[in-house]
Amino acid sequence: MNVLKTAIESVLIFEPKLFGDARGFFMESFNQKIFDDAVGGHTAFVQDNHSRSAKGVLRGLHFQRAPHAQGKLVRCAAGAVFDVSVDIRRDSPTFGQWVGVELNAENQRQLWIPAGLAHGFLVLSESADFLYKTTDYYAPQAEGAVRWDDPDLAIAWPNVGMAPLLSGKDAAAPLLRDAVLG
């Protein structure tokens with residue numbers, strides 16, 4: 001598995017080795033030792049989630065506040081998404097910066113988003129199955145969001161030929177400067 005750095009030092013891209021032939025492919029989707037070595041310490045995952053979304057659905061930008069902050073290891077098992085991580089750690093040198101990566105069923109890339117970052121994705125294909133491992137359980141009282149189109153963030157979301165389909169909660173999310181982060 002190859003590990004690639006991004007513009008936000010703690011956000012990492014994992015590229016698994018695919019072994020394919022006429023029958024299909026095989027890949028090791030997770031290896032605890034390789035992961036721990038890449039992130040610089042042991043990470044325990046406690047919950048796996050799976051969502052399916054239609055083209056144009058934009059989920060995010062979500063996070064959980066301490067003491068329930070979540071790290072996430074995400075991937076797209078079917079279809080394609082544009083996945084975004086935003087550094088919302090006020091004491092970070094990359095506060096307010098974002099990283100965007102296409103995750104899809106062809107490249108099988110995974111993105112590590114450590115606790116303290118907001119996360120969202122836009123579905124590029126007709127539908128997408130999105131999987132993610134989390135380091136803490138979902139806690140609704142710790143839930144937070146930042147608006148997907150915050151002009152201060154200036155995220156370059158791809159054009160999918162339609163306005164993003166948002167939940168009511170995501171449409172009403174505050175700008176980063178107004179969000180309760182911690």
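This is a predicted model: local features need pLDDT of at least 70, side-chain atom pairs count only at pLDDT 80 or more; totals for chains, interfaces and linings use all residues.
Helix H1 spans residues 32–39, and its N-terminal end is capped by Asn-31, a side-chain oxygen of which lies 3.0 Å from the backbone nitrogen of Lys-33. Just after H1, Gly-40 adopts a positive phi of about 85 degrees. Within the helix, the side chains of Lys-33 and Asp-37 meet in a salt bridge with an N to O distance of 3.0 Å, and these two residues, being four positions apart in H1, are separated by about one helical turn. Lys-33 is exposed, with a relative accessible area of 58%, and Asp-37 likewise counts as exposed, at 54% relative accessibility.

A search of the whole structure finds 10 aromatic pairs. One of these joins Phe-35 and Trp-112 in an edge-to-face arrangement, with 5.0 Å from centre to centre and 90 degrees between the planes. Because Phe-35 belongs to helix H1 and Trp-112 to strand E10 (residues 110–113), the pair ties together parts of the chain that are 77 residues apart in sequence. Both Phe-35 and Trp-112 are buried. The rings of Phe-130 and Tyr-132 form a tilted pair, since their centres lie 5.8 Å apart and their planes meet at 50 degrees, a value that falls between the limits of 30 degrees for stacked and 60 for edge-to-face pairs. Phe-130 is buried, with a relative accessible area of 0%, whereas Tyr-132 is partly exposed, at 22%.

Phe-35 and Trp-112 also belong to one aromatic cluster together with Phe-14, Phe-30 and Phe-45. Two members of this cluster are approached by Lys-133, which lies over the face of Phe-30 at 5.3 Å from the ring centre, and the charged end of which sits over the ring of Phe-45, 5.8 Å from its centre.

Asp-83, located in strand E8 (residues 80–87), is buried yet has no salt bridge, the nearest side chain of opposite charge being that of Lys-72, 8.4 Å away. The side chain of Asp-83 is instead joined to that of His-119 by a polar contact of 2.7 Å. When neighbours within four places in sequence are left aside, the contacts of Asp-83 include Val-74, Leu-111, Ile-113, His-119 and Phe-130. Val-74, which is found in strand E7 (residues 72–78), is buried with a relative accessible area of 0%.

The structure holds 10 salt bridges in total. Among them, Lys-55 is paired with Glu-126, the closest N and O atoms being 4.0 Å apart. This pair links distant parts of the chain, with Lys-55 in the loop between strands E5 (47–54) and E6 (58–64) and Glu-126 in the loop between strands E11 (117–123) and E12 (127–134), 71 residues apart. Lys-55 is partly exposed, with a relative accessible area of 26%, while Glu-126 counts as exposed at 62%. A further salt bridge brings together the side chains of Asp-149 and Arg-147, with an N to O distance of 2.6 Å; Asp-149 is partly exposed, at 32% relative accessible area, and Arg-147 is partly exposed at 31%.

Methods: Residues are numbered from 1 along each chain as its sequence is written. Side-chain values use heavy atoms; hydrogens and water are left out. A polar contact is a pair of N or O atoms within 3.5 Å; within protein, one must be able to donate a hydrogen and the other to accept it, and residues adjacent in sequence count only if both atoms are side-chain atoms. Rings of Phe, Tyr and Trp (its six-membered ring) pair if their centres lie within 6.5 Å; planes under 30 degrees apart count as stacked, over 60 as edge-to-face and the rest as tilted. Buried means under 20% relative accessible area, exposed over 50%, partly exposed in between (1.4 Å probe, protein chains only). A charge sits over a ring if NZ of Lys or CZ of Arg is within 6 Å of the ring centre and within 35 degrees of the ring normal. Lys and Arg count as positive and Asp and Glu as negative; His and the chain ends are not counted. Contact means heavy atoms within 4.5 Å.
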